[in-house]
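Dear colleague,

I am handing over the structure that we talked about, and below it I set out what was found in it. Please keep the model open beside this message while you read.

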Amino acid sequence: GKHNTKSKKNDDDGKGKFKIQLAALPPGMEDVPTPMLLYNSDRSAKTFLHPPPSPDDKEDDGGYFKIRKMITESGTSGALGATGGQKAYFYGIITKKKSGPDVISIDIHSGLVPSQTW
């Protein structure tokens with residue numbers, strides 16, 4: 001793909017890298033869909049990705065199960081090791097809204113961002 005050398009500019013137009021973390025669950029409950037924490041490096045954008053109301057609603061889940069699968073298959077363990085949950089880094093964009101909360105869109109097609117130190 002294209003190589004963009006204006007990395008500082010990317011921050012200005014809302015593009016960036018986001019960490020998504022799965023909560024650590026007790027043994028035997030690893031498959032229970034729980035909210036995932038999503039934030040950027042300076043934590044100026046923070047939110048939760050919630051599972052769909054029905055676990056059978058995999059077609060209209062806002063990408064929840066796809067993101068969760070990407071984290072469980074390719075993510076890394078947190079600072080606490082296996083007991084601290086799993087995390088992965090994604091590309092995304094923040095869309096500023098004039099009224100109401102801003103919207104964070106996660107790019108699930110470009111693959112994961114290489115592991116970050118934050």
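Before the findings, one term is needed: helices, of at least four residues, and strands, of at least two, are DSSP runs that are numbered from the N terminus. Please also bear in mind that this is a predicted model.

**Overall layout**

The protein has two helices and six strands, and from the N terminus on its elements follow the order α-β-β-β-α-β-β-β. Of its 118 residues, 25% are buried. Among the contacts between residues at least 6 apart in sequence, 50% join residues that are at least 24 apart.

**The largest nonpolar core**

The largest nonpolar core has 15 residues, of which Phe 18, Ile 20, Met 36, Ile 67, Ile 71, Phe 90 and Ile 106 touch the most other members. Two or more residues of this core come from each of strand E1 (15–21), strand E2 (36–40), H2 and strand E5 (81–95), and H2 gives the largest share, with five residues. As a general background, nonpolar side chains in soluble globular proteins tend to be buried together.

Leu 38 has its place in strand E2. Is Leu 38 buried or exposed? With a relative accessibility of 1%, Leu 38 counts as buried, because the cut-off for a buried residue is under 20%. Residues up to four places away in sequence again left out, Leu 38 touches Phe 18, Lys 19, Ile 20, Ala 45, Lys 46, Thr 47, Leu 49, Ile 104 and Ile 106. Leu 38 and Gln 21, although 17 residues apart in sequence, have C-alpha atoms that are 6.6 Å apart in space.

**The second largest pocket**

The second largest pocket has a volume of about 200 Å³. It is lined by eleven residues, and those closest to its centre are Ala 23, Ala 24, Leu 25, Glu 30 and Gln 86. H2 and E5 are the elements that give two or more residues to this lining, and E5 gives the most, with three residues. By type, the lining of the second largest pocket divides into five nonpolar, three polar and three charged residues.

**Salt bridges**

How many salt bridges does the structure hold? There are two salt bridges in the structure.

One of them joins Glu 73 to Lys 69, with the closest N and O atoms 3.9 Å apart. Glu 73 and Lys 69 are separated by about one helical turn, because they stand four residues apart in helix H2 (residues 64–74). Glu 73 counts as exposed, at 58% relative accessibility, whereas Lys 69, at 47%, counts as partly exposed.

In the other salt bridge the side chains of Lys 96 and Asp 102 meet, at 3.5 Å from N to O. Lys 96 is exposed, with a relative accessibility of 64%, while Asp 102 is partly exposed, at 35%.

Arg 43 lies in the loop between E2 and strand E3 (46–49), where it is partly exposed with a relative accessible area of 44%. Arg 43 has a positive phi of about 60 degrees although it is not a glycine. For comparison, most residues other than glycine have a negative phi.

Trp 118 lies in the segment after strand E6 (103–107) and counts as partly exposed, at 24% relative accessibility. Which residues is Trp 118 in contact with, leaving aside its neighbours within four places in sequence? They are Lys 17, Phe 18, Lys 19, Tyr 39, Asn 40, Ser 41 and Tyr 89. With Ser 41, the C-alpha to C-alpha distance of Trp 118 is 6.3 Å in space, across 77 residues in sequence.

With best regards

Definitions and conventions. Residues numbered from 1 in each chain as written. Predicted model: local features only at pLDDT ≥ 70, side-chain atom pairs only at ≥ 80, totals over all residues. Heavy atoms only, no water. Salt bridge = Lys/Arg side-chain N within 4 Å of Asp/Glu carboxyl O. Buried < 20%, exposed > 50% of the residue type's maximum accessible area, 1.4 Å probe, protein only. Core = buried A, V, L, I, M, F, W, Y, C linked by side-chain atoms within 4.5 Å. 1 Å grid on protein atoms, 1.4 Å probe; cavity = no way out; pocket = protein on both sides within 12 Å on 5 of 7 lines; lining within 4 Å. Points joined across faces, edges and corners; volume = space filled by probe spheres on them. Nonpolar A, V, L, I, M, F, W, Y, C, P; charged D, E, K, R; others polar. Contact = heavy atoms within 4.5 Å.
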